[in-house]
Amino acid sequence: MSKRCVLAVRDSAVQAFGQPIFVPAIGAGLRSFVDEVNRAAPDNQFNQHPDDFELHYLADFDEETGQFSTPEGGQRVLTRGKDVKQ
């Protein structure tokens, strides 16, 4: 079975989730989030306002069946921008 993890960033300032991403493993999503939070650029909201952003693990997606399922332990926050900002 081939599965993808479905992750999304929640912006507390607008009280909404961004578009979900599908990654092969949670670690890949964490790395991308940490890199983005630490990418200094005047137009990078993650870097400018790290307190507003959290990375959430929402679901698993089975590529063979097209089915979504709740991850073991349920949906959860993986990390917060403020906790990974260097």
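Q: Okay, start with the rings. How many aromatic pairs does the structure hold?
A: Five aromatic pairs. Keep in mind that this is a predicted model.

Q: Take Phe-22 and Phe-68. What sort of pair do they form?
A: A tilted one. The centres are 6.2 Å apart, with 55° between the planes.

Q: And where do those two sit in the chain?
A: Phe-22 is in strand S3, residues 21-23. Phe-68 is in strand S5, residues 68-69. They are 46 residues apart, and the pair links distant parts of the chain.

Q: What about Phe-61 and Phe-68, then?
A: Their ring centres lie 4.9 Å apart and their planes meet at 45°, so this pair is tilted.

Q: Which residues make up the cluster there?
A: Phe-22, Phe-61 and Phe-68 form one aromatic cluster. Phe-22 is partly exposed, at 41% relative accessible area.

Q: New topic: charges. How many salt bridges are there?
A: The count is four. Side chains of opposite charge can pair when their charged atoms come close.

Q: Give me one. What does Lys-3 pair with?
A: Asp-60. The closest N and O atoms are 3.6 Å apart. Lys-3 is in strand S1 and Asp-60 in strand S4, residues 53-62. That puts the two 57 residues apart, so to speak across distant parts of the chain.

Q: Are they buried or exposed?
A: Lys-3 is partly exposed, at 41% relative accessibility. Asp-60 has a relative accessible area of 8% and is buried, because buried means under 20%.

Q: Next one. What does Arg-39 bridge to?
A: Glu-36, with the closest N and O atoms 2.7 Å apart. Arg-39 is partly exposed, at 39% relative accessibility. Glu-36 counts as partly exposed too, at 26%.

Q: And which residue meets Arg-80?
A: Glu-54, in a salt bridge of 3.4 Å from N to O. Arg-80 lies in strand S6, residues 76-80, and Glu-54 in strand S4, so the pair ties together parts 26 residues apart in sequence. Arg-80 is partly exposed, with 33% relative accessibility.

Q: What about Asp-11? Where does it lie?
A: In strand S1, which covers residues 3-11.

Q: How far away is the nearest side chain of opposite charge?
A: It is Arg-10, 7.0 Å away. Asp-11 is buried yet has no salt bridge.

Q: Why doesn't Arg-10 count as a partner for Asp-11?
A: A salt bridge needs the nitrogen and the carboxyl oxygen within 4 Å.

Q: What does the side chain of Asp-11 reach, then?
A: The backbone nitrogen of Ala-13, at 2.9 Å. Leaving out residues up to four places away in sequence, Asp-11 touches Ala-16, Asp-52 and Phe-53.

Q: Now Gln-15. What is its phi?
A: Positive, about 50°, although Gln-15 is not a glycine. Gln-15 is in the loop between S1 and strand S2, residues 16-17.

Q: Is Gln-15 buried or exposed?
A: Exposed, because its relative accessibility is 63% and exposed means over 50%.

Q: And Ala-41? Where is that?
A: In the loop between helix H1, residues 26-37, and helix H2, residues 45-48. Ala-41 is buried, with a relative accessible area of 13%.

Q: What does Ala-41 touch?
A: Asn-47 and Gln-48, not counting residues up to four places away in sequence.

Q: Let's zoom out. How many helices and strands are there?
A: The protein chain has three helices and six strands. Along the sequence, the pattern is β-β-β-α-α-β-β-β-α.

Q: What box do the C-alpha atoms fill?
A: Roughly 40 × 20 × 20 Å, along the principal axes.

Q: What share of the residues is buried?
A: Buried residues make up 33% of the 86 in the protein chain.

Q: Last one. What share of contacts comes from residues 24 or more positions apart?
A: They account for 54% of the contacts with a separation of 6 or more.

Definitions and conventions:
Residues numbered from 1 in each chain as written. Predicted model: local features only at pLDDT ≥ 70, side-chain atom pairs only at ≥ 80, totals over all residues. Heavy atoms only, no water. Helix = DSSP H or I, 4+ residues; strand = E, 2+ residues; numbered from the N terminus. Buried < 20%, exposed > 50% of the residue type's maximum accessible area, 1.4 Å probe, protein only. Lys, Arg positive; Asp, Glu negative; His and termini not counted. Polar contact = N/O pair within 3.5 Å; in protein donor to acceptor, adjacent residues only side chain to side chain. Contact = heavy atoms within 4.5 Å. Phe/Tyr/Trp six-rings, centres within 6.5 Å; stacked < 30°, edge-to-face > 60°.
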